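Morning, everyone. I have one structure to go through today, and I will keep it short.

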Amino acid sequence: MAGTSLGAQLLRQIKRHPGLIPMISFIGLGMGSAALYLLRLALRSPDVCWDRKNNPEPWNRLSPNDQYKFLAVSTDYKKLKKDRPDF
């Protein structure tokens, strides 16, 4: 076992205990969805600024119609009007 890789050990354990297959698949699904959500937050959130030189305040460029929340239950963003001044 000292010279075998992690993938080979995992396959050996799966062959011995087939009940591990659902657990491994659910853990993989959870890790994948968490990674995709973090990627979405990093790319689409107005709080994250990747280019400070050209866009130092990205939250000021948001219009009221931009939906940046992941899930908006009762807000219809298409009907909102602008209620703040431009700076």
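Predicted model: local features only at pLDDT ≥ 70, side-chain atom pairs only at ≥ 80, totals over all residues.

The protein contains two helices and zero strands. Helix α1 runs over residues 6-16, and helix α2 over residues 20-44.

How much of the protein is buried? Of its 87 residues, buried ones make up 6%. The accessible surface of the protein is about 8,000 Å², and carbon and sulfur atoms account for 62% of that area. On contacts, take the pairs in the protein that are at least 6 apart in sequence: 11% of those contacts join residues at least 24 apart.

Next, the record. UniProt, in an unreviewed entry, annotates residues 20-43 as "transmembrane region". In the model, that span is 100% helix and 0% strand. Its end C-alpha atoms are 35 Å apart.

Now the surface patch. Which residues form the nonpolar patch? They are L10, M23, I24, I27 and M31, and together they expose about 470 Å² of accessible area. Helix α2 supplies the largest share of this patch, with four residues. L10, for its part, sits in helix α1.

Is L10 buried, partly exposed or exposed? It counts as partly exposed, because its relative accessibility is 44%, and that class lies between the 20% and 50% cut-offs.

Last, T4. This residue belongs to the segment before α1. T4 also falls in the partly exposed class, because its relative accessible area is 31%. Which residues does T4 touch, once neighbours within four places in sequence are set aside? The contacts are with Q9 and R12. With Q9 there is a polar contact, side chain to side chain, at 3.2 Å. Both Q9 and R12 carry numbers that fall within the residue range 6-16 of helix α1, so by the numbering T4 reaches from the preceding segment to that helix.

To recap: two helices and zero strands, a nonpolar patch with four residues from helix α2, and T4 in polar contact with Q9. That is what I have; comments are welcome.

Technical notes. Residues numbered from 1 in each chain as written. Heavy atoms only, no water. Patch = residues over 30% accessible without salt bridge, like charges linked within 9 Å, V, L, I, M, F, W, Y side chains within 5 Å. Areas by Shrake-Rupley, 256 points an atom, 1.4 Å probe, with all protein chains shown as cover. Salt bridge = Lys/Arg side-chain N within 4 Å of Asp/Glu carboxyl O. Buried < 20%, exposed > 50% of the residue type's maximum accessible area, 1.4 Å probe, protein only. Contact = heavy atoms within 4.5 Å. UniProt positions renumbered as here; feature names shortened; annotations may be inferred. Polar contact = N/O pair within 3.5 Å; in protein donor to acceptor, adjacent residues only side chain to side chain.
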